[in-house]
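Walk through this model with the viewer open.

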Amino acid sequence: MPQLLLELFSEEIPARMQSGAARDLERLAREHLAAAGFLPEALKTFAGPRRLTLVVEGLPAAQADRKEELKGPRVGAPPQAMEGFLRKAGVTQDQLVEQNGVWMAFVEKKGRATPEIVAEMVETIVRAFPWPKSMTWGSGKLRWVRPLKRILCVFDREIVPFAIEGIQSGDVSEGHRFMRVGRGWGGQPFKARDFDEYQKGLLDHFVVLDVEERKERILEGCKTLCFARNLELVDDIGLLEEVAGLAEWPTPVLGDMDPAFLDLPGEVIRTSMRTHQKYFAVRDPATGGLAPHFITIANVQSADGGKVIAEGNAKVLSSRLSDARFFWDEDVKVGFKPWLEKLEGVTFHAKLGTMAQRVERIVALAGEIAPLVGADPEKAKEAARLAKADLASQMVGEFPELQGLMGGYYARTFKMDGEIADAIRDHYKPQGPSDAVPTAPLSVAVALADKLDTLVGFFAIDEKPTGSKDPFALRRAALGVIRIILENAVRLPLSKFGREDLIAFFADRLKVTLKDQGKRHDLVDAVFALGDDDLVRIVARVEALDGFLKTDDGKNLLAGYKRASNILKAEEKKGWKGEGEAELLPNASEPEVALHDALRLVRQPLAAALEAEDFTAAMRELAGLRGPVDAFLDGVFVNSDVPEERDSRLKTLAAVRDAMGQVADFSQIAG
Amino acid sequence: MPAEKPKSFQSLILTLHDYWSAQGCVILQPHDVEVGAGTLHPATVLRALGPKPWNAAYVQPSRRPGDGRYGENPNRLQHYYQYQVILKPNPPNMQDLYLGSLEAIGLDLRTHDIRFVEDDWENPTVGAWGLGWEVWCDGMEVSQYTYFQQVGGLDVSPVAGELTYGLERLAMYVFGVDNVYDLPFNDPDAPLGHLTYGDVFLENERQQSEANFHGYDVAVLKQQFEQMEEQVPLMLDRSYQGRSLVLPAYDMVLKASHLFNLMNARGAIAVAERASYIGRIRDLCKMCAQKWVEQQEAA
């Protein structure tokens with residue numbers, strides 16, 4: 001079956017937008033083709049520095065013919081309605097058929113030729129493509145991420161003819177921006193009528209279409225370079241992703257770095273290489289430390305084997321590292337005290353005061369938290385006081401992502417306490433789901449204090465995250481608190497630090513975390529409804545509850561609970577108030593007696609299990625209620641005409657609800 | 001393509017002039033008011049706006065008072081040159097034209113690694129932004145390439161393409177020089193003698209750095225800033241032959257902007273005040289832009 005090939009060729013597309021664009025193109029093409037009634041055998045998209053490509057296999061030459069039934073006006077409807085219908089359906093009145101008092105039209109719809117549909121599809125997609133940022137150029141009105149230059153569109157080896165704002169579709173693509181066979185430079189056009197010709201044409205013109213192949217090419221090239229020099233590549237997936245979007249013919253080139261720079265912290269060298277220059281760092285496998293080289297991913301394979309490129313890049317890196325060395329030297333001349341003074345002049349947030357004021361708050365919080373995590377309060381305060389100082393250093397001014405880390409280095413350089421230096425270094429952690437959580441008590445105290453201050457502050461001035469907007473990264477902060485607490489089993493009453501809305505926010509984040517681990521969010525609700533604010537205990541409860549509800553006893557007891565609480569709710573609505581203990585009447589039936597006994601038996605061990613925070617044991621105790629509850633609900637008529645009987649039975653059910661309610665709010669649980 | 005590669009800083013400039021002149025640009029001289037960047041020349045900020053075509057190239061001495069290093073840093077200057085090209089509407093082959101200019105100054109495009117790396121440019125003091133790239137040559141940023149989308153808060157239509165070359169940095173790369181002051185200013189083989197960039201500018205860097213960091217009287221700067229701010233709307237209210245005096249008013253905006261930079265270098269502007277000063281300059285610039293577009297559309 002015929003194949004469709006589309007290439008949208010433009011000036012350089014930002015690397016970070018390419019993979020999203022490939023996904024969007026795929027989705028939009030699928031939607032359009034499905035709407036036209038097509039189910040292609042295969043559909044694939046590619047994105048690179050200058051092109052977005054779509055290839056669709058197995059499209060028919062045209063849509064199938066269709067019969068459409070159109071319902072018209074009722075017989076005897078006003079003539080205007082009839083005229084309107086005839087116009088819309090494209091038929092005359094004598095072609096209509098009457099069915100049950102309604103005029104019907106049966107219209108044969110010829111299927112349209114696929115190229116026609118493709119032309120419309122491409123225009124619609126191009127005009128409304130969801131680029132994160134787009135622009136106009138020249139005198140035109142079309143928007144694209146950067147100027148769109150060519151559209152290649154062929155179906156079944158024929159050009160699909162159309163034009164968008166003066167760009168005429170055709171069968172011509174263009175090769176590498178610089179490389180070409182023969183002399184000179186510049187993109188050479190070539191023709192392609194199907195995907196095979198297209199791929200071959202690209203390769204002949206020095207373009208690797210598939211980003212995965214570009215990545216492989218980069219890694220292979222890096223490995224070859226490293227092997228020859230007995231070096232090891234420092235893996236960096238994010239950087240690989242980025243550089244694969246910056247070159248159509250990615251060509252790794254190894255350059256040299258002055259070994260004298262190796263006395264700078266490795267992170268500084270790597271950050272400088274990565275953020276400014278997009279270089280890979282390399283290690284010496286013998287020592288595990290950085291080696292005095294780098295690898296840049298060039299876009300051209302030059303005649304001199306990359307010599308000029310390596311030298312040029314080495315020079316740039318050297319001036320970058322000289323800057324870094326300068327910052328280090330200046331910073332160690334200054335030190336923490338002047339930095340802290342500088343923080344007095346730095347606004348943290350207009351409504352939350354200066355950075356220095358923020359530091360004071362973190363100090364107080366760290367002092368409060370320290371005893372709860374087994375850290376020395378005075379030391380925690382000292383670490384917190386110093387933690388933000390490096391923000392005023394030149395190095396962090398240049399490389400904001402080194403905050404904390406530099407503080408740690410400088411603290412060690414100034415021979416401060418090692419634990420304090422570590423706490424300064426680690427107090428921003430975890431900075432993402434894959435980042436490690438601090439474990440040293442002092443670091444835990446400062447890390448928690450830092451995040452809690454952020455959360456409490458922004459909640460107090462009503463800057464809460466909404467929808468996709470979270471400009472102060474409060475979700476990440478809350479998740480950080482949750483992970484630190486859970487992974488270190490820190491017993492921290494959260495309500496001591498935040499208001500109700502913040503606790504609810506934590507509950508929300510915890511739900512997301514537990515959901516990621518496969519836990520049901522309604523279980524978290526059921527546990528949070530108890531008003532507990534100790535995350536460790538909450539999670540223990542949720543886990544026990546989760547286990548319990550997977551057992552037969554658990555499921556049935558939940559069903560029993562629901563029946564009981566429905567009955568109670570209905571009666572409470574009518575004004576019944578169960579005051580006092582349930583008293584067993586002398587004529588009580590066997591199921592009533594049994595449930596009473598069961599409730600009495602469970603009371604003490606349940607309380608003990610809860611006291612010991614052994615929630616699995618608590619659940620086990622509740623499981624003992626399952627049989628008696630079922631028997632009671634099946635065998636006892638609660639709404640007896642005798643008021644004493646009714647009251648006693650309702651109170652019994654209320655006792656069940658209360659007992660279970662000590663473990664979780666089962667009414668929040670779905671099922 | 002010229003027969004010979006440029007041999008000096010000045011011949012690099014002359015080569016670019018020749019190149020862009022041949023493309024049909026008017027070659028302008030620098031604007032005679034202190035500016036922080038070539039973009040601020042009225043030939044870019046104002047001419048980018050309005051419907052009329054405009055192609056120009058010029059060198060603009062640019063002042064960044066805070067970047068002064070008393071002539072002791074090999075890469076940083078408080079006074080340096082930008083080469084600026086503005087093409088409106090941007091021609092479809094603007095990237096190729098740009099690459100041709102690199103070739104003209106002696107860069108072999110198949111030996112070097114030239115890259116267009118995303119960089120969304122904005123200049124909040126003139127309410128301008130655009131999309132484009134930093135252009136890298138072997139890992140070094142040699143130019144800024146931007147398709148202007150807005151200037152003075154107004155849409156740029158047709159779109160103007162802007163190229164900014166950092167001349168000193170480019171020259172250091174082309175001539176393989178590590179210290180800006182060692183750049184050959186004129187041809188080393190010239191019969192009348194040879195001067196370096198340092199011979200021409202080192203003393204200026206020393207004196208201006210001292211003035212920028214310690215010399216200017218902050219109270220006077222502040223007063224002058226406020227005077228300029230007051231004068232802009234008054235100037236715009238005046239007119240000649242029915243047209244408001246936009247061009248002189250814009251010069252005053254530039255002066256205000258430079259005064260702000262001087263105050264900043266003196267450390268006289270608190271972090272919190274910064275944004276408000278920038279906003280004030282932007283408002284003045286917007287007033288001028290608005291009037292300018294009205295005039296251009298009426299003409």
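Helices here are DSSP runs of H or I with at least four residues, and they are numbered from the N terminus. The model is predicted. Just past the end of H13(A), A:Lys415 takes a positive phi of about 60°. A:Lys415 sits in the loop that runs between helix H13 (405–413) and helix H14 (418–426) of chain A. Most residues other than glycine have a negative phi, and most peptide bonds are trans. A:Lys415 is not glycine, yet its phi is positive. Is A:Lys415 buried or exposed? A:Lys415 is exposed, because 8 other C-beta atoms lie within 10 Å and the exposed class covers counts of 12 or fewer.

In H13(A), 7 of the 9 residues are buried. They are A:Leu405, A:Met406, A:Gly407, A:Gly408, A:Tyr409, A:Tyr410 and A:Ala411. What do the buried residues of H13(A) pack against? Their partners in chain A are helix H7 (266–277), H8, helix H11 (377–387), helix H12 (394–398) and H14.

Now step back to the layout of chain A. Its domain assignment gives domain 1 (3–62 + 114–204), domain 2 (69–108), domain 3 (211–329), domain 4 (338–544) and domain 5 (551–668). Between domain 3 of chain A and domain 5 of chain A, the C-alpha centres are 69 Å apart.

Next, go to helix H16 (residues 474–487) of chain A, which holds A:Ile482. Beyond its neighbours within four places in sequence, A:Ile482 contacts A:Phe506, A:Arg509, A:Leu510, A:Thr513 and A:Leu535. For a sense of scale, take A:Arg325. A:Ile482 and A:Arg325 are 157 residues apart along the chain, and 38 Å separates their C-alpha atoms.

Several of these contacts belong to a helix pair. Two packed helices are described by the angle between their axes and the distance between the axes. H16(A) packs with helix H17 (residues 500–516) of chain A at an angle of about 75°, and the axes are 9 Å apart. The two helices, H16(A) and H17(A), are therefore roughly perpendicular to each other. From H16(A) come A:Arg475, A:Ala478, A:Leu479 and A:Ile482; they meet A:Phe505, A:Phe506, A:Arg509, A:Leu510 and A:Thr513 in H17(A). By class, this contact has 6 nonpolar, 1 polar and 2 charged residues.

A:Ala564 counts as buried because it has 23 C-beta neighbours inside 10 Å. Its contacts, leaving aside neighbours within four places in sequence, are A:Leu633, A:Leu653, A:Val656 and A:Arg657. A:Ala564 and A:Leu239 are 325 residues apart in sequence; C-alpha to C-alpha, they are 59 Å apart in space.

Turn to the contact between the chains. Here 33 residues of chain A are in contact with 30 residues of chain B. On the chain A side, strand E16 (290–298) and helix H8 (307–334) are the elements that give two or more residues. The largest share, 6 residues, comes from H8(A). By class, the chain A side has 15 nonpolar, 13 polar and 5 charged residues.

Then look inside. In soluble globular proteins, nonpolar side chains tend to be buried together. The largest nonpolar core in this model has 261 residues. Which of them touch the most other members? They are A:Ala366, A:Ala383, A:Ala445, A:Val446, A:Ala449, B:Val253 and B:Cys288. Helix H7 (residues 246–265) of chain B gives the largest share of this core, 12 residues. Outside four places in sequence, B:Val253 contacts B:Val232, B:Ile281, B:Leu284, B:Cys285 and B:Cys288.

Finish with the backbone. A cis peptide bond joins B:Lys88 and B:Pro89, with omega about -10°. B:Pro89 is in the loop between strand E3 (79–88) and helix H3 (94–104) of chain B. The bond from B:Ser157 to B:Pro158 is also cis, with omega near 0°. In chain A, A:Asn100 has a positive phi near 50°. A:Asn100 lies in the loop between strand E5 (97–99) and strand E6 (102–109), and it is exposed, with 7 other C-beta atoms within 10 Å.

Notes. Residues numbered from 1 in each chain as written. Chains lettered and ligands numbered in written order. Predicted model: local features only at pLDDT ≥ 70, side-chain atom pairs only at ≥ 80, totals over all residues. Contact = placed C-beta atoms within 7 Å. Nonpolar A, V, L, I, M, F, W, Y, C, P; charged D, E, K, R; others polar. Axes fitted to C-alpha atoms, helices over the stretch in contact; angles between N-to-C directions. Parallel < 35°, antiparallel > 145°, perpendicular 65-115°, else oblique. Domains from an automatic or database assignment. Core = buried A, V, L, I, M, F, W, Y, C linked by C-beta atoms within 7 Å. Buried ≥ 20, exposed ≤ 12 C-beta atoms within 10 Å, placed from the backbone.
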